[in-house]
Amino acid sequence: MNIPIGSIVHIYSLLKFLFIVKKKREIFRFLLITSCFLMLNASIFHVKASNPSHSFHTDLTTSADSSLLILFNKGVKELRLRNNKGAELYFQQAEGSVNESEIKNYNLLYRYKVNYGVLLIRLAKFKDALIKFNSAELICKKNFGESTGKLAPVYVNMGNIYFYSKDNLKAQKFYEAALFIIKENPSASRWRAQIINNLGLVAKANMDFNNALKYLLEGLDIKLERGVLDLSATYNNIGNCYKDLGYYTEADQYLKLSIEESIKINGEGNSDLGNFYLNYAVFQSRQGNNKLSKEYLYKSYDTYLDKFGIKHPGTAHCLKNIGGIYFKEEDYLRALQFYQKALMSSTYDFNGQELDENPSIEQVDGQLTTFDIIDDKASALYKLYGRTNQVKYLKLSLDTYELCVDIIDQIRIAFQDEESKLALNKSENGTYSKAIEVAAKLFELTGNPIYREKAFSYSERSKASSLRNYLNDMDAKTFGGIPEDLQILEHKLKQDIADYRDKIYRERKEIRPRQDSISKWRHTLFEKNAEYELMVKRFETDHPDYYALKYDNASIKVDELQKELKEDEVLVEYALSDSTLYSFVIGHKLFEMNKMALRKGELERSITDIRTSLKTNDFSGNSMKYYQDYISAAHKLYQLMIAPYEEVIQNKRLIIIPEGKLAYVPFGVLIKEKGDPETLNYRNLDYLIRHNPISYQNSATIAYKRPESGFSTSSARKLLAFAPSYDNVSDSILITRQVHHNKLYPLPGAKIEVEKISKVFDGKTFIDEFASESNFKKNAENYDILHLAMHTILDDDNPMYSKLVFTQTEDSLNDGLLNTYEIYNMNLKARMVVLSACNSGDGKFLKGEGVMSLARGFFYSGCPSLIMTLWTVEDLSGSILMSSFYKFLSQNFPKDVALQQAKLEYLNSADALKSHPYFWSGYVAIGDTESLFRFSMIHKVLMILGIVIVAGGIYFIGKYFLSNKVKE
């Protein structure tokens, strides 16, 4: 019998877990994967065990079946009575005494696995539970069919486990898979209410509270129609959602109702009450009612202690929240005492009672519950330093934040999907800022350079971590011994996944989307993702070098970076906390850190003001006001970002690693001297670009720590350039901003631009109707330079579907729109990509990751160097600038210097209007800036050999003539 690929994924996971687990210690550690999010947000999944049956359609033909049935029914009876410890004893007895290979009644075996998994979820042993549900899935698919209704509770509970781990995207995929199963099997519809409820909790976790409430109320209606008696968990979830929406009267009503219903149906002291009391305590704390909050926290604590014991994440979370009350009251020492107790409660083999003791990274094991406790402890230690001025508390705070950062890296490894990693970066990014602040304070107090380097390390680890992980994976495949045939299979699978995502995306854009088709494609995508996870795990297990390279999270050290930087280069990296701007200046023999206090909103306003001034192309009115606003904002930003380093960056090539929305600003337009506000003169302003070539990097680690893939050589097929035509383009392809009167306007300068640069660099050009997406895909992997002079369409809601617009042709394979996700999956060899396309470097900003621009896709595809635009660049001026840029490139200038010279040449010749930065400053260089004509290693070796041969020849010829002369 063929075993489905999706099932093999979970068999593999099962075997891997069993292989690596050290049983006694790890079983408890499994318990400690977090239910923190559930409790912090006052949410609970109420997962009922499937109803036990005392008779089965299949005859019990073996003693193994009989033994399992007896123990199973006893276990389920205790489970229904909420005697979790009693149920665990029976299930453990079954696990230890029954040989599963002898079981003939597969339905019984399936029910045993599901109910045991439900029990393990109640006990917060989520990794153990996942093993049971993986096994149940295999049993279902092998014996009852690929889409059997029995899969519904399996997928619901697996979704719950991922939700507890804050992998909301993966949780949602499992819930959607369960909905598909229900649609195929109406007999499984009893799970619908639970799935709808859980989708509401995912929406709530994503801060989409209105949709969350809609889901939760729908789930309540379904349960009422079905006559479900115990609605306490549903009431609790609705109350929490009302709380987050700010409807406190309704929140109070539903939260109290959940407690009353639970007591009425399940009795005083039932295990669910621990969570309901906790949620009500959190609500009261939000209201400022600390006394009532403490009362319910202690009720919750007593319930958890009685039902689950001291070593349980629920018990730990109660202790954490009690500590939080004292933190709010500024009794930091008392708060720390409870945080320390919470740490002992949340870990199996850590029992350190002193404040200077923390669990090891192995003891934490990626648990988000424990991470949140440690994060709170670090914050309280910093506050205690502020209260006492004792440096020991500051050092303890830094040590604790160091552990937090390590845990984030560990959790990120467990997330396979990039969107999950991005969500994690966004939610935990504040931890890096606090760590930088503490390290900087220690450097200020002690002068010890190790703290300055730590602050830089935290800044680096907070920058573009998802992109860094992706590039690590690329490098690992290249250098980690993955066979080429497997890489081809992986690429094909990734392409299939991208295609199904695209189908779903397109269908959703239709006026009347076909929900049946979307549902089927989602399920196929679910199976493809499972297959991809199997392949990744195979890479990791079979190729240890691949694993080591992929999960190397170490940031570049300062001394390593200094060795990489040339003597004429200075790198400036920025980091931002709530009220402080930190900047790190690093050169060949230079390392400085600067700290600048900011007024609330000061930097944000300056960025907005200068961005508004730069992007406007309306010069018909208020021209003097535009000018004054611009020079004021540009000079203000110069004072903040550059002035402290004027001396050390003089005559240097400047490399900028921006923080946050600074990525939207081209630093070249900042002005050193403000200029005369009464004389409108853009051309003669003292721009930073006049003093320094400027380029950008996503992070120093990405730029300088990746392994060498070889020495760049100049391809014989150097330039591939595209300039599409936009005649008769259908308006239906337009999505958001890249429009002019609801049309993609013509770009006559693009054609001129491509024709000019093709005279400077040999290669191939595609113009007008030949500038198609198909021609790009056929040729792009074979060229050294890619130049795309065209429109882009941005989609900030779904950045992976921002796209480059080629000529629209009748093509059954390609639609003329190259999506970002398609660029991700290309294998480009170009050393430079020029996106002379509007807004190619613009996009949605994500905390911890940066701007999710279309240009980012080319880094994913392997391109080390990009020239991109930050706004809609004017067509003809862009053409002039790019022609000049290629002229300087051909003269062997580095890319950043070539771009600087092109801008200065443009400024020197532009009239009063066209010298406005809108026309020339939008182009920026990011990534590698080396000249395109540097020699390869082979060329260098041959050159050295040639020199040696010539020198040797001269030497021997000279010696020969000298010898003859002596004889004469």
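Trainee: Let's start in strand 3: which residue there is the bridge partner of Ile 586?

Mentor: The partner of Ile 586 is Phe 591. Do keep in mind that this is a predicted model.

Trainee: What makes strand 2 and strand 3 a pair?

Mentor: Pairing asks for at least two bridges between two strands. Strand 2 (residues 580-587) and strand 3 (residues 590-597) are joined by eight bridges and run antiparallel, so they meet that rule. They also form a hairpin, with two residues between them.

Trainee: And how many bridges link strand 15 to strand 16?

Mentor: Five bridges join strand 15 (residues 865-869) to strand 16, and these two are antiparallel as well. One of the links is between Thr 869 and its bridge partner in strand 16, Tyr 923.

Trainee: Why is strand 16 described as largely enclosed by the rest of the structure?

Mentor: Buried means under 20% relative accessible area. Five of the five residues of strand 16 (residues 923-927) are buried, so the strand counts as largely enclosed. Across the protein, buried residues make up 59% of the 968 residues.

Trainee: Then what is Gly 324 called, at 23% relative accessibility?

Mentor: Buried stops under 20% and exposed begins over 50%. Gly 324 has 23%, so it counts as partly exposed. This glycine is found in helix 16 (residues 313-328). From Gly 324 to Ile 373 there are 49 residues in sequence and 9.8 Å in space, C-alpha to C-alpha.

Trainee: Why are helix 31 and helix 35 called roughly parallel?

Mentor: The axes of helix 31 (residues 748-760) and helix 35 (residues 875-890) cross at roughly 10° and come within 8 Å. Angles under 35 degrees count as roughly parallel, and the two helices are therefore given that name.

Trainee: Which residues make the contact?

Mentor: On helix 31 they include Pro 748, Ile 752, Glu 753 and Val 760, and on helix 35 they include Leu 876, Met 882, Tyr 886 and Lys 887. The residues of this contact divide into eight nonpolar, five polar and four charged.

Trainee: Which residues touch the most other members of the largest nonpolar core?

Mentor: That core has 148 residues, and those touching the most other members are Phe 133, Tyr 155, Phe 456, Leu 561 and Phe 584. Helix 20 (residues 391-414) gives the most to this core, with eleven residues. Beyond its neighbours within four places in sequence, Leu 561 is in contact with residues including Phe 456, Ile 586 and Tyr 704. Another core lies apart, with 114 residues, among them Phe 776, Ala 780, Ile 867 and Tyr 906.

Trainee: What share of the contacts with a separation of 6 or more is between residues 24 or more positions apart?

Mentor: Such pairs account for 73% of those contacts in the protein. For the overall tally, the secondary structure comes to 38 helices and 16 strands.

Notes: Residues are numbered from 1 along each chain as its sequence is written. This is a predicted model: local features need pLDDT of at least 70, side-chain atom pairs count only at pLDDT 80 or more; totals for chains, interfaces and linings use all residues. Side-chain values use heavy atoms; hydrogens and water are left out. Axes are lines fitted to C-alpha atoms, for helices over the stretch in contact, and angles run from 0 to 180 degrees between N-to-C directions. Helices (H or I, at least four residues) and strands (E, at least two) are DSSP runs, numbered from the N terminus. Angles under 35 degrees count as roughly parallel, over 145 as roughly antiparallel, 65 to 115 as roughly perpendicular and the rest as oblique. Contact means heavy atoms within 4.5 Å. Ala, Val, Leu, Ile, Met, Phe, Trp, Tyr, Cys and Pro count as nonpolar, Asp, Glu, Lys and Arg as charged, and the others, Gly among them, as polar. Buried means under 20% relative accessible area, exposed over 50%, partly exposed in between (1.4 Å probe, protein chains only). A nonpolar core is a set of buried Ala, Val, Leu, Ile, Met, Phe, Trp, Tyr and Cys residues joined through side-chain atoms within 4.5 Å.
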